[in-house]
Amino acid sequence: MSDTLAGRQAALRSKRVRNALRTAAFMSPWLIGFSVFFAYPLVSTVYFSFMKYDGLNPPTWRGLENWDYVFSDLPKFWPAMQNTLWLAVVMVTCRVAFGLGIGLLVTRIKTGAGIFRTLFYLPYLAPPVAATLAFVFLLNPGTGPVNSLLEAVGIPAPSWFNDTAWAKPALTVLAVWGVGDLMVIFMAALLDVPKEQYEAAELDGASPWQRFRYVTLPSISPIILFAVVTGIIGAMQYYTQPIVAAKVASGVMGGSGQTFEPGYPDDSTLTLPQLVYDLGFGRFDYGAASVVALVLFALSMAFTALLMRRRGGLIGSGD
């Protein structure tokens, strides 16, 4: 009897091992990708944040000196932090609001909806560098057509990318101009809202705003959450547009004999990803660059966790 029981237990263990191996085999592509492209870089970044390392000589232990240097003695860290948070809050809010607004508009157009959908989506297809170059020239304070039009109608023309107060709003305008990706996502969500709910709300005497607040928003809340979370992550990786705009506006394109400090004008366009690149590949201070990268990672995780926990209060429940 005991031999039979032992045999059954052995067979059960063998089956469990086979199932575990089969599951691991199916998950192996994800496990390899996660280990190589996320876990190993994250562990390495934590390791180098406590080291003095220039990429040439062997790393040496520094303890918390890199952290103290970044938070206390690196003058560009706090401006970069403020700019990144500003873009994460203001730029992402504007993109989501305009994307939802344009999606609502296009879904209600009866004639020519395809043309409008294409026109609103095309800017998103423009390469980031080309789009930024075009915007810098359009918003040029001296010769740009936007300022010329503003002056013609008697509106004071700002300096845009040459003004510390207007540089980030100009980047926000650029981001909103390319909001076609969110428009398409919101259109798909809006078209999926059951029409019966709108009809029932209308029969109950709900106003257009009430139908939007109590029917539309709860139905598309998962999509809004997705747009906000991915927008926050994108803002935390915002690098190309601000550095290209700063270079062109400052007249320094990084040619031979030219030096460029990111953040023109006066660090108003400096973001944490730019600071990571400047510390790591400009100054070869990989320890400080790793610290800033970990701060960026922690901010992204904190924003995502907050949004996931506050989903019901922020955008309504989709249940």
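Predicted model: local features only at pLDDT ≥ 70, side-chain atom pairs only at ≥ 80, totals over all residues.
Student: Why is leucine 100 called buried?

Tutor: Its relative accessibility is 10%, and the term buried applies under 20% relative accessible area, so leucine 100 counts as buried.

Student: What does leucine 100 touch, leaving aside residues up to four places away in sequence?

Tutor: Leucine 100 touches Phe186, Leu190, Phe212 and Ile220, where a contact requires heavy atoms within 4.5 Å.

Student: How do you know whether leucine 182 is buried or exposed?

Tutor: Leucine 182, which lies in helix H8, has a relative accessibility of 6%; the limit for buried is under 20%, and leucine 182 therefore counts as buried. Outside the four places on either side of it in sequence, leucine 182 touches Arg95, Val96, Gly99 and Ala227.

Student: What makes the protein chain more spread out than a compact globule?

Tutor: The chain comes to 14 helices and 2 strands, and its radius of gyration is 26 Å, whereas the globule rule gives 20 Å for 319 residues; the value is well over that figure, so the chain is described as more spread out than a compact globule. Along its principal axes, the C-alpha trace spans about 100 × 70 × 30 Å, and buried residues make up 36% of the 319 residues.

Student: What share of the contacts between residues at least 6 apart in sequence joins residues at least 24 apart?

Tutor: That share is 68% in the protein chain.

Student: Which residues of the lining are closest to the centre of the largest pocket, and what is the volume of that pocket?

Tutor: The largest pocket has a volume of about 650 Å³, and of its 29 lining residues the closest to the centre are Arg95, Tyr124, Asp181, Tyr238 and Gln241. The largest share of the lining, 6 residues, comes from H10, and by class the lining has 19 nonpolar, 8 polar and 2 charged residues.

Student: How is the lining of the second largest pocket divided by class?

Tutor: The second largest pocket holds about 460 Å³ of space, and of the 15 residues that line it the closest to its centre are Thr107, Arg108, Leu190, Lys195 and Tyr198. Its lining divides into 7 nonpolar, 2 polar and 6 charged residues, and H3, H8, helix H9 (195-203) and H10 each supply at least two of the lining residues.

Student: Why is the peptide bond from tyrosine 264 to proline 265 called cis?

Tutor: Its omega is near 0°, and the bond is cis. Most peptide bonds are trans. Proline 265 is placed in the loop between H11 and helix H12 (272-282).

Student: Why is aspartate 266 called exposed?

Tutor: The relative accessible area of aspartate 266 is 69%, and exposed means over 50%, so aspartate 266 is exposed.

Definitions and conventions. Residues numbered from 1 in each chain as written. Heavy atoms only, no water. 1 Å grid on protein atoms, 1.4 Å probe; cavity = no way out; pocket = protein on both sides within 12 Å on 5 of 7 lines; lining within 4 Å. Points joined across faces, edges and corners; volume = space filled by probe spheres on them. Helix = DSSP H or I, 4+ residues; strand = E, 2+ residues; numbered from the N terminus. Nonpolar A, V, L, I, M, F, W, Y, C, P; charged D, E, K, R; others polar. Rg over C-alpha atoms; globule rule 2.2 N^0.38 Å. Buried < 20%, exposed > 50% of the residue type's maximum accessible area, 1.4 Å probe, protein only.
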